[in-house]
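Me: I'd like a close look at one spot in this model and what surrounds it.

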Amino acid sequence: MSLAVGAVSSSKNMGFDEKKEEAEKSTREIEEGKQEGDDEGGKISRQMSEASPYATDQEEEDDEKSKLQLGPQYTLKEQLEKDKDDESLRRWKEQLLGSVDLNNVGETLEPDVKIFSLSIISPGRSDIVLPIPEDGKPKGIWFTLKEGSKYKLKFSFQVSNNIVSGLKYTNTVWKTGIKVDSSKEMIGTFSPQIEPYTHIMHEETTPSGMFSRGSYTARSKFLDDDNKCYLEINYGFDIRKEWAST
């Protein structure tokens with residue numbers, strides 16, 4: 001654009017006013033053509049993004065850029081020493097840390113979270129226990145849900161080394177390559193302990209109807225405030241008229 005504007009300005013200074021209208025017209029045509037090209041390119045880009053089965057990399061990069069800039073990390077011993085003269089803060093920290101053995105974890109900066117189990121609970125049915133493969137990629141269809149059914153996701157996890165702040169669960173779902181759902185749920189902040197924590201997500205209802213039934217692909221992640229990923233699972237699941245036979 002700057003070169004086109006510069007051409008018009010130069011012709012006027014040299015006394016070729018009679019060509020000003022023609023130059024401006026040419027400039028407008030160039031800009032309109034460029035705008036049309038940008039619009040088409042935007043449409044193509046959006047279509048490709050929607051059609052990609054795991055098309056959230058850019059979204060995650062945007063989240064990475066827009067996330068809060070957190071302060072420096074401290075070990076648990078440093079956490080207790082910090083603001084030790086503030087009685088209310090000291091009690092809050094002791095309550096959060098519980099019976100943590102500082103001799104074992106007090107010098108470690110990075111927290112660690114291990115997801116032990118995942119299961120789907122639905123009223124009137126036995127829990128569907130989901131095995132977690134080491135590579136995070138279950139083979140074939142991981143589970144089947146009945147259309148129009150209510151369910152919750154339940155999982156247990158252990159925190160070690162340090163406090164994990166802002167642990168959250170994200171899930172994105174595609175059908176035939178088109179993103180149909182994306183959700184994020186905050187789980188909370190947890191101190192390290194030997195006993196595993198158990199968390200149950202909010203109740204959801206599977207869609208129903210002919211167009212809702214079929215096969216889906218999805219990607220679930222467990223991340224913290226620093227966007228550190230503790231578990232990523234890429235899997236497939238079905239929605240059918242009835243539950244899968246057990």
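Predicted model: local features only at pLDDT ≥ 70, side-chain atom pairs only at ≥ 80, totals over all residues.

Which strand is the place of Ser156 in?

Reply: Ser156 sits in strand β4, with strands being DSSP runs of E of at least two residues, numbered from the N terminus. Residues are numbered from 1 along each chain as its sequence is written, and side-chain values use heavy atoms, with hydrogens and water left out.

Ser156 is buried, at a relative accessible area of 13%; buried means under 20%, exposed over 50%, partly exposed in between, with a 1.4 Å probe and protein chains only. The side chain of Ser156 makes a polar contact of 2.7 Å with that of Ser117 (N or O atoms within 3.5 Å, one able to donate a hydrogen and the other to accept it; residues adjacent in sequence count only through side-chain atoms on both sides). Beyond four places in sequence, Ser156 also touches Tyr197 and Thr198, among others (contact: heavy atoms within 4.5 Å).

Now look at Phe155 and Phe157. Phe155 is buried at 1% relative accessibility, and Phe157 is buried at 0%. Their ring centres are 5.8 Å apart and the planes meet at 35 degrees, so the pair is tilted; rings of Phe, Tyr and Trp (its six-membered ring) pair with centres within 6.5 Å, and planes under 30 degrees apart are stacked, over 60 edge-to-face, the rest tilted. Ring pairs link both into a cluster with Tyr169, Phe190, Tyr197 and Phe222.

Definitions and conventions. Helix = DSSP H or I, 4+ residues; strand = E, 2+ residues; numbered from the N terminus.
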